[in-house]
Amino acid sequence: MRACKREFDGTVDAALECLSNAGNRLTFGLTAMLIAALVCLNFSQAVWAGNKPPGEGTGATAFAQLGELLPTPSNVRTAQGAPGPEYWQQRADYRINVRIDDDKQRIDGDVAITYHNRSPYALNYLWVQLDQNRYRPDSDDVLTGRAPNFEEFPYGKLADLLNRRDFDGGVTLKSVTDAQGNTLNHTVVKTMMRIDLPQALASGDSYTLKVAWQHNIIDAIASRSRGGYEFFEKDGNYIYEIAQWYPRMAAFTDVEGWQNKQFLGRGEFTLELGDYEVHITVPADHIVAATGELQNADDVLSSTQRQRFNDAATASKPVFIVTPDEAKANQKDDTSAENTWIYKAKNVRDFAFASSRKFIWDAWGRDVGGRQVMAMSYYPVEAEPLWSQYSTHSIVHTIDVYSRYTFDYPYPVAISVNGPIGGMEYPMISFNKPRPYEDGTYWDLRQDPKDKTWERSKYGLISVIIHEVGHNYFPMIVNSDERQWTWMDEGLNTFLQFLAEQEWEENYPSRRGEPQDIVEYMVSEHKVPIMTNSESLLQFGSNAYAKPATALNILRESILGRELFDFAFREYAQRWRFKRPSPADFFRTMEDASGIDLDWFWRGWFYGTNHVDVAINKVTQYQLDTLNPDIDKAQLRADDEDEVETLSKQRNKNNEYRVERFPELKDFYNDFDEFSVTPYDYAKYQETIEGLKDKERALLESDHFFYVVDFQNIGGLTTPLPLRLSYANGKEELLRIPAEIWRYNNENVSKLLILDEELAGIAFDPYLETADADVSNNEFPRTIQKSRFQLFKQQEEKNHILRAQEGE
């Protein structure tokens, strides 16, 4: 390679031009030019990235602040992401009487709701949710359902459609009155009901209304639902898991006013906190699990069961309150007698319960922040042996881990119930489906999310319990709007689920959380941003669960680091416990508490659909010339000898050259050795050295290695650059370059590395922490990518004649 001979004019542009023309060697006639060239290299990410000055590349967009996308801060919600001095939220208290008709699978109930207007506004009417109207044949959920894919149309889907068509669903209102029994004007609007008040409810006042109603309970095995019953044909019994079952106050907030999005089945719930007293009447041989604490144990439990419950509070492992043998005996007969179980729950946003004569019941007391929490599981004998071994342990493990990352679990109980519902969460109680096969065997875990054997697996059970119990933190306590933003509870909860799973055992097979597991979704078609309303999400599980969970894992491991992230995440949870955060509150709190501007991260991961794919396109080594002609010209000679001899030159060696036949054509330059040292070179060197200061001479004696690494952002999503540097001496070093290196241009960037050792190779994302979609371009020099394939033998189908001959 030839050195640069250009006379510098002292500018960065001139140094850059010289450096580019010089190829792989740097020749500096003057030390000032050496410094200019080094400055040029240090600015390489700004100048070389597509030759676009700052502000003209895509980096200006990628790193733009989110100001225009976020609501303006106020005294209600501050710029820090915290509740302000004028923050307010409504409250609703409930007193409910409900009866399950075990013959007709129907609910009859009445509720007294006391609504507290803590907003600064007077309200002329109140909105109540009638979620069971989703099952009416004329509901929006039914009428807006899209046609299925008939090329892949399972039996269960057809059974669901037919059952929904025939099911007599929806709420039958018996009365809507005030506290004195006077009828209130009301209007049912699909899954909502407006109640017109006799006079406006002033700020700071409360109002009590009463509703009596009934509705049929849906078969949750035949139709996918969030609550319903499971019928066991072999013994004629039912498990009831009852949710979204009573008239619930719609949310009225400073962000949306009245919540007015209809319940279509996917977007879950936004609810007000309050206190509940619920009287549940069921057959006398039923066991009832519910939100809250049982108030009349003496009336509904035997003395033996009460003693076992007390023993469980201080036990070292789960204790049976109802044993498997007792549950088997209990399910053999039914009764016409009834019991009423009374539960109270404070400061919860909802109430759910389960009831059956088939339940085994175990419990285990746990100290959480100096308070006792009873972890309890309810399940039929069909759930054994998985449930007695893993359910209550999973509850306790969830509370232990989640409390460490957020706040101490504040409720007195945490419950997991096995029944027809695959996985649903409510305050203090969750419904979880995984169950072994009839012979008691089960899988470990099938990784394919389309493979329903997760419902028959050990890790499927543990994971779903962690997830659903974890929902007590998000959104039951950190009370986000599920109807609008699924990711605010599902995504954050899935992230904590991943942390809890990884603390269960080494190499726990988590399905979501690891960056490499989200790649298939990130490069897929038909995506929408995470910041999309729940009802409009595509690829729902990947979008609202896996992607935000993975994003937070990357934020924790690769951007903020565990200490900063954990502090900020805990601050968010504690700021908004028993309050109602918005996405902006989360984004702002994470920045406020970490001290790091993350707008580029939220913009890319939450508002965009790009993916990570960074390529190392080129690595160039630059070597500093000493200006000593003996050394530098010897190196130039070696470089020249190392140049590849082209094919033409190889084949032309036997040519009869004209200058050999006519020697008179040769002149001085034919025999001139450009790499020999001349007196002129010595004189020039001496002149240069004498003009340098001692510090400048020391620069020439530097033995550092200079490398320029060219990165290309193919996927478009901004990412840090975790690098592994492999040296010629066999050593390795990890280097983390922050994402801000892309701030001038988000497409291409060049980075100068000044190293003490010679590089042998460099790799981007060596530990799979960025969700990079194409690892084949992550290393330089490139490595061969390994894979495997299988052979399949083609089989010819029998023709119709052969089938007839063989009687088929």
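Biologist: Where is the place of Phe672?

Modeller: Phe672 sits in the loop between helix H22 (668–671) and helix H23 (679–690). Helices (H or I, at least four residues) and strands (E, at least two) are DSSP runs, numbered from the N terminus. This is a predicted model, in which local features need pLDDT of at least 70 and side-chain atom pairs count only at pLDDT 80 or more, while totals for chains, interfaces and linings use all residues. Residues are numbered from 1 along each chain as its sequence is written, and side-chain values use heavy atoms, with hydrogens and water left out.

Biologist: Why does Phe672 count as partly exposed?

Modeller: Because its relative accessibility is 39%; buried means under 20% relative accessible area, exposed over 50%, and partly exposed in between (1.4 Å probe, protein chains only).

Biologist: Which residues make the nonpolar surface patch of about 390 Å²?

Modeller: Phe668, Tyr669 and Phe672 make that patch. Patches take residues with over 30% relative accessible area and no salt bridge, joining like charges within 9 Å and nonpolar side chains (Val, Leu, Ile, Met, Phe, Trp, Tyr) within 5 Å. A salt bridge is a side-chain nitrogen of Lys or Arg within 4 Å of a carboxyl oxygen of Asp or Glu. Accessible areas are from the Shrake-Rupley method with a 1.4 Å probe, and for residues only the protein chains shown count as cover.

Biologist: Now the backbone. Is the peptide bond from Glu384 to Pro385 cis or trans?

Modeller: Most residues other than glycine have a negative phi, and most peptide bonds are trans. The bond from Glu384 to Pro385 is cis, with omega near 10 degrees. Pro385 belongs to the loop between strand S21 (371–379) and helix H10 (386–405). Phe474 and Pro475 are also joined by a cis peptide bond, where omega is about 15 degrees, and Pro475 lies in helix H12 (residues 472–477).

Biologist: Is the phi of Met428 positive or negative?

Modeller: Positive, near 70 degrees, in a residue other than glycine. Met428 occupies the loop between strand S23 (423–426) and strand S24 (429–432).

Biologist: Is Met428 buried or exposed?

Modeller: Met428 has a relative accessible area of 1%, so it is buried.

Biologist: What is the phi of Leu627, and where does Leu627 lie?

Modeller: Leu627 is not a glycine, yet its phi is positive at about 75 degrees. The loop between strand S25 (614–624) and helix H19 (629–642) holds Leu627. With a relative accessible area of 16%, Leu627 is buried.
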